Amino acid sequence: MVKENFFYSRLLDAPLALTFYDLILQPGYTEVEPREVSLRTKVTINFEINLPFVSSPMDTVTGADMAIALARLGGVGILHRNCSLEEQVAMARRVKRAESFIIRDVVTISPDMKVADAIEIMSEHDIHGLPVVDSANYLLGIVTWRDVRYSDPDNLVRDVMTGKDKLIYSDESITLEEAKRLMNKYRIEKLPIVDKEGKLLGLITFKDLELRGKFPNASRDPDGRLLVGAAVSPYDLNRAVALDRYVDILVVDVAHFHNKNVLNATRKLVRSVSADVVVGNVGTKEAVFDAINIVEEVAGFRVGIGSGSICKTGVVTRVAAPTLFAVANVADALIELGEHGNIPIIADGGIKNSGDIALALAAGASAVMMGNLFAGTRESPGRLMALEGKYYKEYYGMGSNKARMRRMSLDRYSIPSKDVEEGVEGWVPYRGTVKDVVSELKAGLEAAMGYVGAASIKDLWSKAKFARVSPAGMGEIKPHNIFMIKG
Ligand code: XMP
């Protein structure tokens with residue numbers, strides 16, 4: 001029998017999809033000063049970071065520079081995939097080589113190559129020294145910029161290198177302090193690491209040792225290298241496997257993860273890689289249940305559909321799961337499964353300021369993903385433009401025609417059957433460095449947690465009390481009745 005008012009009751013029973021524009025956090029009794037707040041959080045099942053900020057995998061947001069800058073500050077960048085496999089791998093390698101205790105992925109040279117080759121390799125990789133190894137990877141010496149700079153380009157590397165007899169090297173058991181002492185004592189910039197037989201295992205550089213002390217909050221892998229993630233298509237196993245050698249996190253990057261083909265392809269992908277695999281985007285409880293059932297090993301959920309500042313999905317389809325609404329639903333699904341706090345939620349899309357970050361975390365997220373706010377920084381790959389005395393950086397959606405022209409990430413929005421633009425193109429104000437933006441967002445978030453009385457993100461989940469504000473009321477809780485010169 002057909003239910004009476006079947007369609008009309010569906011309208012009346014519709015849930016309220018609350019957004020960042022609808023809610024505020026209520027002040028609570030507090031014993032927490034903002035500077036005492038800990039923002040340490042899980043970004044995936046296996047990785048904890050000191051700052052709950054993740055940058056979006058978009059080609060106007062996250063390249064190697066962004067990923068390096070953000071990881072140094074305690075967050076993590078997800079490298080975009082709107083490029084060839086080789087380009088994406090090169091970005092990942094750059095992040096991993098940016099600083100580490102022992103570089104594992106060492107660029108080497110053979111003794112029979114020429115000085116000209118050494119110069120070319122050094123310039124290509126922006127490095128100033130190359131361990132010299134034979135075809136079985138035995139360390140024979142080291143050649144540095146100083147050795148090649150004024151040498152005849154036709155000389156052989158073996159003739160200009162410092163040979164093993166004069167070389168300072170070490171084994172893997174060396175500690176950071178010992179390495180510093182040794183390098184200071186012998187005034188060397190590079191310390192090769194070898195195994196018992198004398199085969200090259202890695203390289204320690206003085207620059208890395210210095211940098212390490214400079215960024216105490218940095219997100220690092222177990223080898224001390226900066227943490228990094230990369231976006232992949234669920235259908236591009238080849239790319240996922242290639243990136244898996246270099247990245248810690250793979251983000252299955254589709255606009256709607258709750259799709260049979262995507263779920264099945266991701267299940268296969270997860271079994272072929274060792275990185276933590278974050279899946280998304282999702283916006284409902286059912287998507288979480290199906291993802292966990294089918295994919296089995298989900299290392300995190302990227303949550304929110306249609307809230308992104310460059311998003312047109314909600315307009316062209318009227319389908320959306322606004323980030324805050326989606327996060328709360330996904331968090332409830334994870335509570336039902338006993339996994340909330342274990343499998344992290346990354347709230348993605350629509351974050352305009354630190355207040356939105358506080359709301360997203362309070363609604364159950366462990367971290368937030370931001371495109372717009374990071375697109376405006378010096379480290380984003382987008383173009384910089386001056387307009388009437390102000391600076392702007394280019395920012396466009398990955399479903400916009402501009403991004404789709406490169407066609408590399410076309411399947412984020414469809415298997416190329418869907419031919420509709422789901423993103424817009426534009427410019428965002430230039431905001432300075434990632435460090436400037438992060439400092440401001442972090443201070444605002446810590447202040448919010450201080451007001452609520454939450455010393456940690458976990459504490460925020462239990463202590464936060466929301467209140468709904470009328471659309472008109474929102475006008476009162478921001479600056480008003482003043483002619484603002486700045487801000
Ligand atoms: P914000 O608000 O930080 O959001 O700019 C960034 C997030 O938006 C998503 N994204 C898109 N969504 N069409 C969409 O519907 C698009 O073209 C598009 N490009 C990016 C993505 O989740 C990103 O992290």
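Start with two helices: the axes of α14 (residues 354-362) and α17 (residues 434-452) come within 8 Å and cross at roughly 50°. The axes here are lines fitted to C-alpha atoms, for helices over the stretch in contact, and angles run from 0 to 180 degrees between N-to-C directions. Before going on, note that this is a predicted model, where local features need pLDDT of at least 70, side-chain atom pairs count only at pLDDT 80 or more, and totals for chains, interfaces and linings use all residues. Residues are numbered from 1 along each chain as its sequence is written, and side-chain values use heavy atoms, with hydrogens and water left out.

Back to the pair. α14 and α17 are therefore oblique to each other; angles under 35 degrees count as roughly parallel, over 145 as roughly antiparallel, 65 to 115 as roughly perpendicular and the rest as oblique. On the α14 side, Ser 354, Ile 357, Ala 358 and Leu 361 meet Leu 441, Gly 444, Leu 445 and Ala 448 of α17, contact meaning heavy atoms within 4.5 Å. Sorted by class, that contact has six nonpolar, two polar and no charged residues. Here Ala, Val, Leu, Ile, Met, Phe, Trp, Tyr, Cys and Pro count as nonpolar, Asp, Glu, Lys and Arg as charged, and the others, Gly among them, as polar.

Now for the barrel. Eight strands close up in the order β4-β5-β11-β12-β13-β14-β15-β16, with parallel pairing. Strands pair if DSSP finds at least two bridges between them, and both helices (H or I, at least four residues) and strands (E, at least two) are DSSP runs, numbered from the N terminus. From one strand to the next, the twist averages 25°. Helix α14 turns up again here, packing on the sheet and touching β4 (53-55), β15 and β16 (367-370), with its direction at about 135° to that of β16. Look at β14 (residues 300-303) and β15 (residues 345-348): they run parallel and are joined by three bridges, with Val 303 opposite Ala 347 in β15.

There's also an open sheet, with three strands in the order β17-β18-β19 and antiparallel pairing. β17 (384-387) and β19 (425-429) are at the edges with a single partner strand each, so one side of each is left without a neighbour in the sheet. Between β18 (residues 390-396) and β19 you'll find five bridges, and Tyr 396 stands opposite Glu 425 in β19.
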